[in-house]
Amino acid sequence: MSSTPVTGRGGARDGAPTVDVSAMPQVLARIARLALRYRGRLALTSAASLLAAAASLTLPRLLGRSVDDALRIAAQAGQAEAARHALLLSAVLIVAATTTRGLLTALSGYQAEYVSQRVAYDLRLAFFQQLQRLSFGFHDRIHSGDLITRGMLDLEGARVVIQAGMAQALSLALLIGFAAYMMISADPTLALIGLAFVPVAGFALARMGFLLRITWMRVQQLMSVLTLTMEENLQGIRVVRAFAGRDLEMDKFDRAGGAALAEAFKRITLRFRGVSAMQVSFYASLGVLLWVGGGKVAAGTMTAGRLTEFTAYMTLLQAPIRQVAMIFNALARATSSGARLFEVMDLEPEIADRPGARPLAAPRGVLRFEGVGFRYDPAGREILSGLDFELRPGRTLGIVGPPGSGKSTVANLVPRFYDVTSGRITIDATDIRDVTLESLRAYVGLVQQEAFLFDASVGHNVAYADPWAEDERIVGAARTAQIHEHIAALPEAYETRVGERGVALSGGQRQRMSIARGVVPGPGIMIFDDSTAAIDAVTERKVREGLARATETKATIIIAHRLSSLMHADEILVLDEGRIVERGTHPELVARGGVYADLYELQTRSDAEAVLDEEAPA
């Protein structure tokens with residue numbers, strides 16, 4: 001169905017978009033089905049729109065009769081009073097028809113807007129829910145700026161077609177069909193002259209709609225780039241200021257905005273070309289009709305009122321034809337926008353519950369990696385290869401290695417953010433792919449190096465995994481993470497807002513908040529992925545002591561670059577290029593004189609030994 005593939009982190013594609021013509025009915029039918037959830041409102045919209053069209057169709061006849069009555073007043077003095085009454089009646093009827101049309105049009109427009117906004121609400125929720133379902137692999141490839149554009153601008157483009165297109169289709173069909181019928185039944189020759197502009201306008205508008213769809217697709221892609229540029233700038237505003245990058249950022253934004261503006265001008269040009277072709281053909285037909293019809297009036301074969309009726313029908317047709325241009329524009333935008341929106345909504349998550357998956361039941365909580373291999377890209381390099389280890393409750397496993405050795409990948413595989421490409425991971429001999437994701441991720445707690453905090457209160461951030469946690473548990477988790485004293489000193493303590501991404505806190509404070517958040521739900525397996533990197537050595541030792549008490553009955557994995565964070569582990573794995581090159585306790589690895597010993601030597605041996613001596617039993 002989609003005409004543009006989901007773009008990657010590079011933003012929109014540079015090449016010209018292609019158009020899948022067959023996608024238009026599919027996308028529009030899907031939007032229509034969403035609107036049909038509100039059948040009562042749609043029925044009221046259609047009824048009001050049709051009645052408004054019927055009221056409009058009475059106006060040409062009333063105007064023609066008024067002209068004839070006025071001429072009779074001038075020509076026949078004896079019947080002047082009767083003609084005046086007829087003229088007054090026609091005027092009253094014209095005012096009544098116009099008022100009725102206005103009220104019905106307002107009612108129809110309100111109901112159409114209501115339905116379109118409800119559909120937008122439904123789509124917005126469904127799109128956001130889909131983003132929560134899609135796997136990390138998808139989010140690794142797609143930039144958030146593109147997703148925001150799809151969920152905001154593309155969704156708006158899909159919504160507008162309900163109000164601007166579907167709600168008006170019936171009334172336009174009635175207006176055009178009935179007006180054409182009345183003209184043909186009155187005078188076929190003048191009708192053919194008056195309707196001669198319809199095929200010309202139809203061709204111009206159809207061509208405009210096709211070209212507009214291409215342009216709308218390109219506009220949406222460029223708006224994704226523009227959103228991405230602004231989003232990155234705002235997220236990195238401190239880096240921009242620190243390196244005086246304002247001019248560079250302005251240039252990037254100007255180029256992105258200029259490209260979107262140029263494409264918008266193309267869209268405007270296409271639309272006005274189509275409308276101009278319609279207008280020129282319309283007035284040409286109207287001119288010929290007046291010339292031929294005027295001759296008939298002069299010859300006495302047609303009354304002036306009938307000619308007025310013809311011109312009124314022509315004028316009545318002009319507005320619907322102009323609305324057709326707007327409908328083509330809305331259809332073109334809805335097709336391109338809807339295709340981009342549904343493209344994401346139709347994706348199946350790479351990581352999902354298998355058929356028949358059961359909730360995790362882990363009475364013992366023994367974690368095993370059995371010959372685990374992993375690649376992010378099936379055609380890419382192997383990140384992990386032949387990884388084997390076992391971790392029991394009450395035991396701590398340390399993992400260390402150079403950047404890119406696969407440490408964080410291990411952390412991401414346990415909660416099934418990604419699936420292994422070979423081997424398997426089990427908890428109590430049950431393959432984690434055979435249990436539900438919800439139960440698995442409730443059992444596995446992961447504290448990552450990047451301590452993301454929401455723009456909410458401290459308490460909300462700490463209790464994010466369990467919003468109904470008691471105050472005692474929240475405070476206890478904060479004490480374990482050695483952050484309670486700082487929180488208590490804040491102006492509103494646990495009710496203090498931390499700002500966007502926790503901007504009001506230091507890096508170490510954010511990491512300790514993240515640790516507290518991981519401790520609150522009390523998961524069965526705890527994984528700390530370099531989660532103390534921004535904490536000073538003294539505070540880290542206190543955090544480690546607190547965590548040792550909080551996780552003494554849990555299986556714990558500690559991934560770190562700083563060896564002091566994992567020297568107390570029951571077993572340490574040294575990874576290099578995705579393989580275990582060394583394993584053992586801290587003393588064993590130091591005595592072996594291998595990779596671990598070299599790392600230990602580089603990280604100030606004396607400080608590390610002092611920490612180890614303090615932890616040794618008296």
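**Aromatic pairs and strand pairing in the predicted model**

The accessible surface of the protein chain amounts to about 29800 Å², and 59% of this surface belongs to carbon and sulfur atoms. The model described here is predicted. Of the 618 residues in the protein chain, 47% are buried, and the secondary structure comprises 20 helices and 10 strands. When contacts between residues at least 6 apart in sequence are considered, 78% of them join residues at least 24 apart.

Strand S1 pairs with two strands, S2 and S4. The pairing of S1 with S2 is antiparallel and extends over 5 bridges; within it, Val 372 has Leu 387 of S2 as its bridge partner. S1 and S4 likewise run antiparallel and are joined by 5 bridges, and here the bridge partner of Glu 370 is Arg 424 in S4.

Aromatic pairs in the structure number 4. One of them is formed by Phe 369 and Phe 389, which are stacked, with a distance of 4.4 Å centre to centre and an angle of 20° between the planes. This pair links distant parts of the chain, since Phe 369 belongs to strand S1 (residues 367-374) and Phe 389 to strand S2 (residues 384-391), the two being 20 residues apart. Both Phe 369 and Phe 389 are buried.

A further pair involves Tyr 376 and Tyr 418, whose ring centres are 5.1 Å apart and whose planes stand at 90°, so that the pair is edge-to-face. Because Tyr 376 is located in the loop between S1 and S2, while Tyr 418 is located in the loop between helix H11 (407-413) and strand S4 (422-427), the pair ties together parts that are 42 residues apart in sequence. With regard to accessibility, Tyr 376 counts as partly exposed because its relative accessibility is 42%, whereas Tyr 418, at 11% relative accessibility, counts as buried, the cut-off for a buried residue being under 20%. Together with Phe 374, these residues, Tyr 376 and Tyr 418, form one aromatic cluster.

In a second case, Arg 41 lies over the face of Tyr 114, and the distance to the ring centre is 3.7 Å.

Definitions and conventions:
Residues numbered from 1 in each chain as written. Predicted model: local features only at pLDDT ≥ 70, side-chain atom pairs only at ≥ 80, totals over all residues. Heavy atoms only, no water. Phe/Tyr/Trp six-rings, centres within 6.5 Å; stacked < 30°, edge-to-face > 60°. Helix = DSSP H or I, 4+ residues; strand = E, 2+ residues; numbered from the N terminus. Buried < 20%, exposed > 50% of the residue type's maximum accessible area, 1.4 Å probe, protein only. Lys NZ or Arg CZ within 6 Å of the ring centre and 35° of its normal. Pairing = 2+ DSSP bridges. Contact = heavy atoms within 4.5 Å. Areas by Shrake-Rupley, 256 points an atom, 1.4 Å probe, with all protein chains shown as cover.
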